[in-house]
Amino acid sequence: MAGDSRFVTVTITEFPTEDENAFVIAWENLCAHVERTFTDLIVLPELAFHKWLFAEAEYNEAAWNWACSEHKRKMESFLALLSARSVNPNVYVSTTRPVQSGDQRLNIGAVWSDSTGLQDVHAKALLPNDDGTWEANWYHSGPRDVDSATIDIGGIPLRIGFQICTEIWFTDISRALAHDGVDLIIAPRATGRSSVPKWQIGLQAAAIMSGAFVASSNRSTPGNEEFGGAGMLVTPDGVLMGTTTSDSPYLTHTVDIAVAQRAKTTYPRNVSGF
């Protein structure tokens, strides 16, 4: 945590999730970046700790079970490395993870810190089913609830909510998160290179509707269309604070949560009937 007690330092990323060796190097580089920047919250892409399953249209039980165990194994291993390296013992990491819950297969947005452990916040409710993203064939929609949580950033309560990838297009969720007093929306993505400009518009619209900062990280396949990187951080009034690139895959900004709290009282959030 830096400076004034109402400030939180956020790092967004683009991550080479499909190449094991590149992932290991990228995680080492991220740990070094976090050491330099005294980051409070790291935002990872959607399902960051395993390869993308959903390019295949047909559900495969063995592959799903592998993803659940692989994600858990890698997440625990790499978070332990981060914990050992970080100069901030209370750094939080957000991700989404595949979960088998009874007969339900879910994609759950969660946050982790060394002191609190893993905290599930929101199961993705709106699932695409299209070329390369056959998610509705592979797992179930979570409940269409407004899910938020408060995490403690060095004594500062930060109210967070998730809009996971496709959910960013549904501004009724952003509006509901505004009503829930969210300061920061975490928007992990798994989106292609050619659609980056479109996703920027969606992230900015979510920020304006919610009056919250929006932090979005994306999977990356350098030189390949499949995943386009371009993590983005947006202010509560829709101003793009910055974008990651393949040459600069980590981007850190210090945000004032008081700005998000004041934004709830201004246009368009103060419209009668909002």
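## Close-up views of a predicted model

**View 1. Pro188 and its contacts.** Setting aside neighbours within four places in sequence, Pro188 is in contact with Leu44, Pro45, Glu46, Thr96, Phe162, Gln163, Ile164, Cys165 and Ser217; contact means heavy atoms within 4.5 Å. This is a predicted model, in which local features need pLDDT of at least 70, side-chain atom pairs count only at pLDDT 80 or more, and totals for chains, interfaces and linings use all residues. Residues are numbered from 1 along each chain as its sequence is written, and side-chain values use heavy atoms, with hydrogens and water left out. You will find Pro188 in the loop between strand 8 (184-186) and helix 5. Helices (H or I, at least four residues) and strands (E, at least two) are DSSP runs, numbered from the N terminus. With a relative accessibility of 0%, Pro188 counts as buried, where buried means under 20% relative accessible area, exposed over 50%, and partly exposed in between (1.4 Å probe, protein chains only). Ile12 lies 176 residues away from Pro188 along the chain, yet their C-alpha atoms are separated by 9.5 Å.

**View 2. The whole chain, for orientation.** Before zooming in again, here is the overall picture. The protein chain has six helices and 13 strands. Its radius of gyration is 17 Å, close to the 19 Å that the globule rule gives for 274 residues, so the chain is as compact as a globular protein of that length. That radius is taken over C-alpha atoms, and the rule is 2.2 Å times the number of residues to the power 0.38. Along the principal axes, the C-alpha trace spans about 50 × 45 × 35 Å. Buried residues make up 55% of the 274 in the chain. Among contacts with a separation of 6 or more, 68% join residues 24 or more positions apart.

**View 3. Ser174 in helix 4.** Ser174 sits in helix 4 (residues 171-179) and is buried, at a relative accessible area of 0%. Its side chain makes a polar contact with the side chain of Gln163, at 2.8 Å. A polar contact is a pair of N or O atoms within 3.5 Å; within protein, one must be able to donate a hydrogen and the other to accept it, and residues adjacent in sequence count only if both atoms are side-chain atoms. Beyond its neighbours within four places in sequence, Ser174 is in contact with Gln163, Ala206, Met209 and Ser210.

**View 4. Where helix 4 crosses helix 5.** The axes of helix 4 and helix 5 (residues 196-210) come within 8 Å and cross at roughly 35 degrees. Axes are lines fitted to C-alpha atoms, for helices over the stretch in contact, and angles run from 0 to 180 degrees between N-to-C directions. Thr171, Ser174, Arg175 and Ala178 in helix 4 meet Ala206, Met209 and Ser210 in helix 5. These residues divide into three nonpolar, three polar and one charged. Ala, Val, Leu, Ile, Met, Phe, Trp, Tyr, Cys and Pro count as nonpolar, Asp, Glu, Lys and Arg as charged, and the others, Gly among them, as polar.

View 5. Not counting residues up to four places away in sequence, Gln119 touches Gly109, Ala110, Val111, Ala149 and Ile151.

**View 6. Backbone details worth a look.** Most residues other than glycine have a negative phi, and most peptide bonds are trans. Leu47, in the loop between strand 2 (41-43) and helix 2 (61-85), has a positive phi near 45 degrees and is buried at 1%. Cys165, in the loop between strand 7 (156-162) and helix 4, has a positive phi near 50 degrees and is buried at 5%. A cis peptide bond, with omega about 0 degrees, joins Tyr267 and Pro268; Pro268 lies in the segment after helix 6 (257-263).
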